[in-house]
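Visitor: I have a model open and would like to learn how to read it feature by feature. Could you walk me through it?

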Amino acid sequence: MSDDTFSQLVDLYYPSLYRFALSLARSEADACDLAQQTFYVWAKKGHALRETAKAKSWLFTTLYREFLRGRRRGDRMTALDTVPEKELEDVTLAPETVASMDGGVVMAALQEVDEIFRAPLSLFYLEDLSYQEIAEALDVPAGTVMSRLSRGKAQLRARLASRSAASPSNVVSFQNSKTKASHG
Amino acid sequence: MDNQEAKFILKAYRPGGADAGLAVFGGALAQAARDPALHDWFEREQARDRAVAAKLKSVPIPAGLRASILAGGKMSAAHRSWWQQPTWLALAASIAILLSTAVAWQLRGPRADLNQLTAQILDDAAHEERHGSHGRAASQLVALVSQSTTKMSAPLPIDLSRLKTDGCRVLNIGGHEVMEVCFERNGGVFHLYVMTRPSRDVPSSPRFAAQNGVHSVMWTDAQHLYVMASDKGDDALKALL
């Protein structure tokens, strides 16, 4: 692979790869390391990929595998596991509320989403891959991606609502008082 | 499809509209167009997704990351082992394919042999745009078949043993030695593969095949079996026969 081709590939995908890595690793240093490692692997093995068009999926897949390989066993975010799913679904959050938040706050909320939902959710919001390509990258069935996106969005909505509630200027509505108490 | 199912599907629809052409969303999108309640829900969901996506994409990239990646990539490529170089990987892959073909050749009949031969030749032609041809005999053959007046289907003055000893590229497919030369004609690159004519089941008329965008035609004369391959299509092959 020529230097030019490699540079083009880096320019096209390193921002999304870094942000995907940041959502997974929850640390800027680890995210940089993951993004670099992914391109190192490409530089060593990417030439074996016949179709350059598949480079995008290959890079996201490789980064995810490198993340799984490097993370400690059992290091899994479970903070929201105890909240019943129905209650998460009931949390509403206005698009305007999200628009008023800082990007770092939204990323921090995403980082709190359970890891099993976080990976497809990050890829969905970065918009580089379709749900089918996300399924291939994460090596799960397409239907599972849809299910995880649905549940991941509910978790993210709850996390964003929780952060927004801490700010008096934002209005977050809950459809029942029980849920409201849970997220107070 | 009820609204609950439509919502489940539409939650996977990217906010930027990149999924507009995906058939899987067609039914749910149509339902959202018909049902006002679902339509309102979808508009709100997309607006929230757009907002989240925009926020995540606004997260700054650390200064120097790009430069580090580029520098690291160059280092990795420079330290690639000789066996990891593309040429050697391609050669290793070809050897593996040829070995597996050799085993298959021993187990199948002559007709299967010719199908395998064609498949392997198409694979070989697809892997390299130009193979190197060496030696005087190979050069003479290349010069002959490159001439616009040469009819490939007419008997060609080919001496396989001379080609082999003179350095022509030789493939061993299923225990058969196949000579190969590359030549240019009519603006395209062609690969000509020649072997001793098998004793039976050879095609009585030119037989065309295609695989992964590479086309081939197989024919015989009294002494030889020929396969010519190119990515220019059947018409380009026919024009040379």
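This is a predicted model: local features need pLDDT of at least 70, side-chain atom pairs count only at pLDDT 80 or more; totals for chains, interfaces and linings use all residues.

Guide: Let's go through confidence, the chain contact, helices, cores and strands in turn.

Visitor: Which elements of chain B have the lowest and the highest mean pLDDT?

Guide: Helix 5 (residues 86–107) of chain B has the lowest mean, 54, while helix 3 (residues 36–57) of chain B has the highest, 95.

Visitor: What is chain B built from, and how many helices and strands does it have?

Guide: You'll find 9 helices and 6 strands in chain B. Of its 241 residues, 27% are buried. Take the contacts in chain B with a separation of 6 or more: 58% of them link residues 24 or more positions apart.

Visitor: How do I read a helix, say helix 2 of chain A, and which of its residues are buried?

Guide: An α-helix has 3.6 residues a turn, so residues three or four places apart point the same way. With that in mind, look at the buried residues of helix 2 of chain A: Ala31(A), Cys32(A), Leu34(A), Ala35(A), Gln36(A), Thr38(A), Phe39(A), Trp42(A) and Ala43(A). Helix 2 of chain A has 18 residues and reaches 26 Å from first C-alpha to last, close to the 26 Å expected at 1.5 Å a residue.

Visitor: And what about the span of helix 3 of chain A?

Guide: Helix 3 (residues 55–70) of chain A has 16 residues and reaches 22 Å, close to the 22 Å expected. Its buried residues are Leu59(A), Phe60(A), Thr62(A), Leu63(A), Tyr64(A), Glu66(A) and Phe67(A).

Visitor: Which residues touch the most other members of the largest nonpolar core?

Guide: Leu17(A), Ala21(A), Ala35(A), Phe60(A), Leu63(A) and Leu123(A) do, in a core of 65 residues. Helix 1 of chain A supplies the largest share of this core, 12 residues. A second, separate core has 32 residues, including Leu122(B), Val194(B), Ala229(B) and Leu237(B). Back in chain A, follow Leu123(A): beyond its neighbours within four places in sequence, Leu123(A) is in contact with Phe20(A), Phe60(A), Leu129(A), Ile134(A) and Ala137(A).

Visitor: Why does Ser16(A) count as buried?

Guide: Ser16(A) counts as buried because 23 other C-beta atoms lie within 10 Å, and the cut-off is 20 or more. Ser16(A) sits in helix 1 of chain A. Its C-alpha is 9.4 Å from that of Ala35(A), 19 residues away in sequence.

Visitor: Now the strands. How do strands 5 and 6 of chain B pair?

Guide: In a regular strand the side chains alternate between the two faces of the sheet. Here, strand 5 (residues 214–220) of chain B and strand 6 of chain B run antiparallel, joined by 6 bridges. The two form a hairpin with 3 residues between them, and Thr220(B) stands opposite Leu225(B) in strand 6. Strand 3 (residues 188–196) of chain B also pairs with strand 6 of chain B, antiparallel over 6 bridges, with His191(B) partnering Ala229(B).

Visitor: Why is strand 6 of chain B described as largely enclosed?

Guide: Because 6 of the 7 residues of strand 6 (residues 224–230) of chain B are buried, the rest of the structure largely encloses that strand.

Visitor: Which residue in the turn between strands 1 and 2 of chain B has a positive phi?

Guide: Gly174(B), with a phi of about 60°, in a hairpin with 2 residues between the strands. Strand 1 (residues 169–173) and strand 2 (residues 176–185) of chain B run antiparallel, joined by 5 bridges.

Key
Residues are numbered from 1 along each chain as its sequence is written. Chains are lettered from A and ligands numbered from 1 in the order in which they are written. Helices (H or I, at least four residues) and strands (E, at least two) are DSSP runs, numbered from the N terminus. A residue is buried if 20 or more other C-beta atoms lie within 10 Å of its own, exposed if 12 or fewer, and partly exposed in between; C-beta atoms are placed from the backbone. Two residues are in contact if their C-beta atoms, placed from the backbone, lie within 7 Å. The expected span of a helix is 1.5 Å times one less than its number of residues. A nonpolar core is a set of buried Ala, Val, Leu, Ile, Met, Phe, Trp, Tyr and Cys residues joined through C-beta atoms within 7 Å. Two strands pair if DSSP finds at least two bridges between them. pLDDT is the predictor's confidence in each residue, from 0 to 100.
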